[in-house]
Amino acid sequence: MMSLSKIILLALVIGAVWFGWRWVNRVQEIGRARNATRRQDAPPQHGRRDGAAGGAAARSAGAPAPAFEAEDMEKCPECGAYVAPRSAVSCGRPACPYGR
């Protein structure tokens, strides 16, 4: 039989799940809004650097646009590590071409 304490505990659990669900949805909506503003502020991408077809023209009409464009890795001539050129940082060697 359901006692008063079990009913109160059940109500608390249901309330916690309900408010947790609302909080998760709110956080996701804030994240979507931030991503939308980042996409609007970002300069348009006009294809890939290597000349291959890419971008919005190569995608099918029904496919969603990717959040970020992929970047080709390049081998560092100094240390031999593969790095993304636009976001690479110095490896610490004096002749590193990615020193900032």
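Which residues form a nonpolar patch on the surface? I looked that up first: Met-2, Ile-7, Leu-10 and Ile-14 do, with about 390 Å² of accessible area together. For the record, a patch takes residues with over 30% relative accessible area and no salt bridge, joining like charges within 9 Å and nonpolar side chains (Val, Leu, Ile, Met, Phe, Trp, Tyr) within 5 Å. Areas are Shrake-Rupley with a 1.4 Å probe, and for residues only the protein chains shown count as cover.

Ground rules before I go on. This is a predicted model, where local features need pLDDT of at least 70 and side-chain atom pairs count only at pLDDT 80 or more, while totals for chains, interfaces and linings use all residues. Residues are numbered from 1 along each chain as its sequence is written, and side-chain values use heavy atoms, with hydrogens and water left out.

**Overall layout.** Helices (H or I, at least four residues) and strands (E, at least two) are DSSP runs, numbered from the N terminus. Of the 100 residues in the protein, 8% are buried; that means under 20% relative accessible area, with exposed over 50% and partly exposed in between (1.4 Å probe, protein chains only). The accessible surface comes to about 8,600 Å², and carbon and sulfur atoms own 62% of that. I also checked contacts (heavy atoms within 4.5 Å): among those between residues at least 6 apart in sequence, 14% join residues at least 24 apart.

Next I searched the whole structure for salt bridges and found one. The rule is a side-chain nitrogen of Lys or Arg within 4 Å of a carboxyl oxygen of Asp or Glu. The pair is Glu-29 and Arg-32, at 3.0 Å, N to O. They are three residues apart in helix α1, so about one helical turn separates them. Glu-29 is partly exposed at 46%, and Arg-32 is partly exposed too, at 48%.

**Loop.** Met-73 is in the loop between α1 and β1 (74-75) and counts as partly exposed at 49% relative accessibility. Leaving out residues up to four places away in sequence, Met-73 touches Tyr-82, Val-83 and Ala-84. I noted the C-alpha distance from Met-73 to Ala-84 as well: 4.7 Å, for residues eleven apart in sequence.

**Core and cysteines.** The largest nonpolar core has five residues: Cys-76, Val-83, Ala-88, Cys-96 and Tyr-98. Such a core is a set of buried Ala, Val, Leu, Ile, Met, Phe, Trp, Tyr and Cys residues joined through side-chain atoms within 4.5 Å. Cys-76 is buried at a relative accessible area of 3%. Cys-96 touches Glu-78, Ser-90 and Cys-91, again not counting residues up to four places away in sequence.

How many disulfides are there? With the rule of a pair of cysteine sulfur atoms within 2.5 Å, I count zero. Cys-76 is in none, and its nearest cysteine sulfur, in Cys-79, is 3.6 Å away. Cys-91 itself is partly exposed, with a relative accessible area of 36%.
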